Every structure is written in structure tokens, then in C-alpha cells.
Amino acid sequence: MNDEKQLKYDIAYLKMAQEWGKLSHCKRKQVGALIVKDRMIISDGFNGTPTGFDNCCEDESGATKWEVLHAEANAILKVAASTQSCKNATLYITMSPCTQCSKLIHQAGIKRVVYANAYKDPSGLDFLEKAGVEINHLPLL
């Protein structure tokens, strides 16, 4: 696919991830993710509590509860529960991944990450680059 056409798809998928993030019950940050393989969405996710838990993501002091799953972890776990594979897929995410999620991304076989906003700690991106994952920062207005 040529660069111009790829950019068009990247923007569209990232905007869809942004919309998906709006489903999150988290007050501090709403993050959305899509996993795309061969131009087909194979998974989606947003940050939130595990299935069966109260949807409230923050404790009384406003801090994020430890059990909250990040959007990309939710998307990868959905693939793990299906017949699909993340091998050579692209992850579209509204916020760059943390270190813990970066390990999951690499281990899942995702080869490309497109993100809109930078997370406060760039260590996750550093790890992914070291692992040979292609990283694209695509800010959305």
C-alpha cells in the first residue's frame, strides 16, 4: 500500500479507536485501541475494570484502581480468547503504551503501533523500538 493510502487508513482506524475509548468508564483517561490485520479489525478494547467488576475505575482519592486493564491489554486478551492471531498486526491506540503493555504487544507478535498521544513515560515505546516494532506517532486534532 502506498504511503498516502496507508496514512488515510491510519487516521481512520485511530479515529475509530478514539471513539471506542469513549466507552470507558474511567474519569481520568479514556483510552481506546483497535488491532487490525490485513485491513480487518480483529479486536478492540478500552481501559476499564475486568468483566464482572464494578465499572468504577478510580478509588475515593481519584487514583486509578490497580485492577484496571489498559485498552491494548483488553484488545490483546480478546484476541487470545478467539481463533485470531496478532502476528504481524497493527495496534491503533489513543495513548502510547506503558512498559507492561509494551511487553504484551511484543509478545503477541504485533509489528506496528500507531498512537495519537504520548504517555508520560516513554519507556514502553523505547522497549518496542528495541524489539523491532514499527512506531508511528499520529496526533489527532
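User: Which residues does UniProt give for the feature "domain: CMP/dCMP-type deaminase"?
Analyst: The UniProt record, an unreviewed entry, places that feature at residues 8-128. UniProt positions are given in the numbering used here, feature names are shortened, and annotations may be inferred rather than shown by experiment. The model is predicted, so local features need pLDDT of at least 70 and side-chain atom pairs count only at pLDDT 80 or more, while totals for chains, interfaces and linings use all residues. Residues are numbered from 1 along each chain as its sequence is written, and side-chain values use heavy atoms, with hydrogens and water left out.

User: How much helix and strand is in residues 8-128?
Analyst: Over that stretch the chain is 33% helix and 21% strand, and the end C-alpha atoms are 24 Å apart. Helices (H or I, at least four residues) and strands (E, at least two) are DSSP runs, numbered from the N terminus.

User: Which residue does the "active site" annotation cover?
Analyst: In the unreviewed UniProt entry, "active site" covers Glu72. Glu72 lies in helix H2, residues 71-80.

User: Is Glu72 buried or exposed?
Analyst: Glu72 counts as buried because its relative accessibility is 3%. Buried means under 20% relative accessible area, exposed over 50%, and partly exposed in between (1.4 Å probe, protein chains only).

User: What does Glu72 touch?
Analyst: Not counting residues up to four places away in sequence, Glu72 touches Ala33, Leu91, Ile93, Pro97, Cys98, Cys101 and Ile105. Contact means heavy atoms within 4.5 Å.

User: Ala33 is on that list. What stands opposite Ala33 in S3?
Analyst: Ile93 stands opposite Ala33 there. On the S2 side, the bridge partner of Ala33 is Gly45.

User: How do S1 and S2 pair?
Analyst: S1 and S2 pair in the antiparallel sense over six bridges. Two strands pair if DSSP finds at least two bridges between them. The hairpin of S1 and S2 has two residues between the strands, and Asp38 takes a positive phi near 50° in this hairpin.

User: And S1 with S3, how many bridges?
Analyst: Four bridges join S1 (residues 32-37) to S3 (residues 90-95), and these strands run antiparallel. Leu34, for one, has Tyr92 in S3 as its bridge partner. As for burial, five of the six residues of S1 are buried.

User: What is the strand order in the open sheet?
Analyst: The five strands are ordered S2-S1-S3-S4-S5, with mixed pairing. S2 and S5 stand at the edges with a single partner strand each, so one side of each has no neighbour in the sheet. On average, neighbouring strands of this sheet are turned by 20° against each other, direction ignored. Axes here are lines fitted to C-alpha atoms, for helices over the stretch in contact, and angles run from 0 to 180 degrees between N-to-C directions.

User: Changing topic: how many salt bridges are there?
Analyst: The structure holds four. A salt bridge is a side-chain nitrogen of Lys or Arg within 4 Å of a carboxyl oxygen of Asp or Glu. One of them joins Asp10 and Arg112 at 2.5 Å, N to O. Asp10 is in helix H1 (residues 3-21) and Arg112 in strand S4 (residues 112-117), 102 residues apart.

User: Which residues are linked with Arg112 in a network?
Analyst: Salt bridges link Asp10, Arg112 and Glu134 in a network. The Glu134 and Arg112 side chains meet at 3.2 Å, N to O. Arg112 counts as buried because its relative accessibility is 11%, whereas Glu134 is partly exposed, with a relative accessible area of 41%.

User: Last topic, the largest nonpolar core. Which residues have the most contacts inside it?
Analyst: Those are Ile35, Leu91, Ile93, Ile105, Ile110, Val113 and Ile135, in a core of 21 residues. A nonpolar core is a set of buried Ala, Val, Leu, Ile, Met, Phe, Trp, Tyr and Cys residues joined through side-chain atoms within 4.5 Å.

User: Which element supplies the largest share of this core?
Analyst: H2 does, with four residues. A second, separate core of ten residues includes Leu14, Val114, Leu138 and Leu140.
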